Amino acid sequence: MKLLLLGSGGREHALAWKIAQSPKIEKLYIAPGNAGTASVGENVDIKADDFDGIAQLVIDREIDMVVVGPEDPLVKGIYDYFKGHSLLRNIPVIGPSRAGAQLEGSKDFAKGFMKRHGIPTAAYATFDGEHVEEGCRFLETLAPPYVLKADGLCAGKGVLIVPTLDEAKKELRGMLAGKFGGASSRVVIEEFLSGIECSVFVLTDGRDYKVLPEAKDYKRVGEGDTGPNTGGMGSVSPVPFVDAAWMQKVNDEIIRPTVKGLAAEGLDYRGFIFFGLINCQGQPKVIEYNCRMGDPETEVIMLRLKSDIVDLFEGVATGTIGTKRVELDPRAAVCVMCVSGGYPGAYGKGYPVSGTDNITDSVLFHAGTTVGKDGRVVTSGGRVIAVSSYGTSLADALQKSMEGAGRVEFEKKYFRTDIGLDLK
């Protein structure tokens, strides 16, 4: 099989690493990819949302399947584009339709969906620029801290948790005035849920599904979960409190109603569903949906997934995912993200990356790298390299990832040293 993977981050390198292990793969293309994906497949200089360019590539290279890594092409409707193309309608696209991708593309749609299908989540209300004062009055009915979410896509940075009512009102006005551009033309205000978060992922063919390993990521840039939110500073799997009884609740109260709800509403959904969950005194509740794998959770989940992922993708494409088997590696996995100094604010690019040849106990997934004119790997993003490691325990895996992160070298490198230490 010839397979095309869309995207250029750490998630895509981890997916490419896993896809390349499948005996079903004859050729793997990644568009546009990064310096790391080039080691497991062939990078093609086409943006992930260039639908016409992707279509021509699929035709020219006789590609058999397309797997979509990031959310942007899904929300823009790449699945629908292929279904409506006379030459491509029979090429499987692993990812939901534009309507299905609203689960991530619109926080308001997602909250309404959960309400319609009785899926446990936080109380909420949505406001636009014409109802700012109503939004402020709604904030007054809530207890601090206050959660404000841009309705649209913000690359993981459109959620604010603020401690005081005055600050919440100020941030609401700023968001509705364009702080996050068009993405915050509508803002969802939620009650704050207290508990430990984790991420659960499934692959679905629209009728049935298979659950992948769970993970927990760390969004704040600073030690001890301090500072601004980022795209993710690290992740761990498994999550200690996710036992069989808790996962049964997740299946019965969240996953199954979600998949059934999508079908009941006529939403064509074939791909990943990310459930951002929180454990509220033993009760799982949904914080958010994503319509793709998380990053940096993918960097530990792919380590723990023993099954052939391409075989699972075929199950999605043919409506037979229910017949497939998911095998997990019992070892723990920890990812530590090396980022550029200044991230998630302003940061430099183009710094040479070195030291990676000295790392043998970890798997390196490139997130923000490219190959410079001199052939050297250089930084090209805020999150640069994810150092992922197996271990007999989370502590063992973390130690290996810490040692690996210490060996990666580029100017103004930074990484958190406390990933997973909050879990007992």
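Asp 217 is found in strand β12, residues 216-217. Is Asp 217 buried or exposed? At 13% relative accessibility, Asp 217 counts as buried. Buried means under 20% relative accessible area, exposed means over 50%, and partly exposed is in between, with a 1.4 Å probe and protein chains only. Leaving aside neighbours within four places in sequence, Asp 217 is in contact with Ser 199, Gly 234, Ser 235, Pro 296 and Glu 297. Contact means heavy atoms within 4.5 Å.

A word on the source. This is a predicted model, where local features need pLDDT of at least 70, side-chain atom pairs count only at pLDDT 80 or more, and totals for chains, interfaces and linings use all residues. Residues are numbered from 1 along each chain as its sequence is written, and side-chain values use heavy atoms, with hydrogens and water left out.

Back to Pro 296, one of those contacts of Asp 217. Pro 296 lies in the loop between β17 and α10 (298-304). The peptide bond from Asp 295 to Pro 296 is cis, with omega near 25°. Another cis bond joins Ala 31 and Pro 32, and there omega is about 0°. Pro 32 sits in strand β2, residues 27-32.

Next, helix α9. How far apart are the end C-alpha atoms of α9? They are 28 Å apart. The helix has 21 residues, 244-264, and at 1.5 Å a residue it should span 30 Å, so the two values agree. The expected span is 1.5 Å times one less than the number of residues. There is also a kink of about 40° in α9, centred on Asn 251. That bend is the angle between axes fitted to the seven residues ending at a residue and the seven starting there. Asn 251 is buried, and the buried residues of α9 also include Trp 246, Met 247, Val 250 and Ile 254. The buried residues of α9 pack against α5 (102-105), α6 (107-116), β10 (196-204), β11 (209-211), β16 (271-280) and β17 (283-290). Just after α9, Gly 266 takes a positive phi of about 70°.

Now turn to α6. How many of its residues are buried? It is 7 of 10, so α6 is mostly covered. Those buried residues are Lys 107, Phe 109, Ala 110, Lys 111, Gly 112, Phe 113 and Met 114. Their cover includes α5, β6 (124-128), β7, β9 (186-190), α9 and β17. After α6 comes Gly 118, with a positive phi near 65°.

On a 1 Å grid over the protein atoms alone, a cavity is a set of points where a 1.4 Å probe fits but cannot get out; a pocket is an open set with protein on both sides within 12 Å along at least five of seven lines; lining residues have an atom within 4 Å of a point. Points are joined across faces, edges and corners, and a volume is the space filled by probe spheres set on them.

How many cavities of 30 Å³ or more are there? The count is 1. The largest cavity holds about 50 Å³ of space. Its lining includes Lys 107, Ala 110, Lys 111, Met 114, Glu 288 and Tyr 289. The elements giving two or more residues to this lining are α6 and β17. The largest share, 4 residues, comes from α6. By class, the lining has 5 nonpolar, no polar and 5 charged residues. Ala, Val, Leu, Ile, Met, Phe, Trp, Tyr, Cys and Pro count as nonpolar, Asp, Glu, Lys and Arg as charged, and the others, Gly among them, as polar.

The second largest pocket has about 220 Å³ of space. β8 (159-162) and β14 (226-229) each give two or more residues to its lining. β8 gives the most, with 4 residues. The classes are 6 nonpolar, 3 polar and 3 charged.

Last stop, Pro 145. This residue lies in the loop between α7 (132-140) and β7 (146-150). Pro 145 is partly exposed, at 25% relative accessible area. Pro 145 and Ala 168 are 23 residues apart in sequence, yet 8.6 Å apart in space, C-alpha to C-alpha. Not counting residues up to four places away, Pro 145 touches Ile 161, Val 162, Pro 163 and Phe 192.
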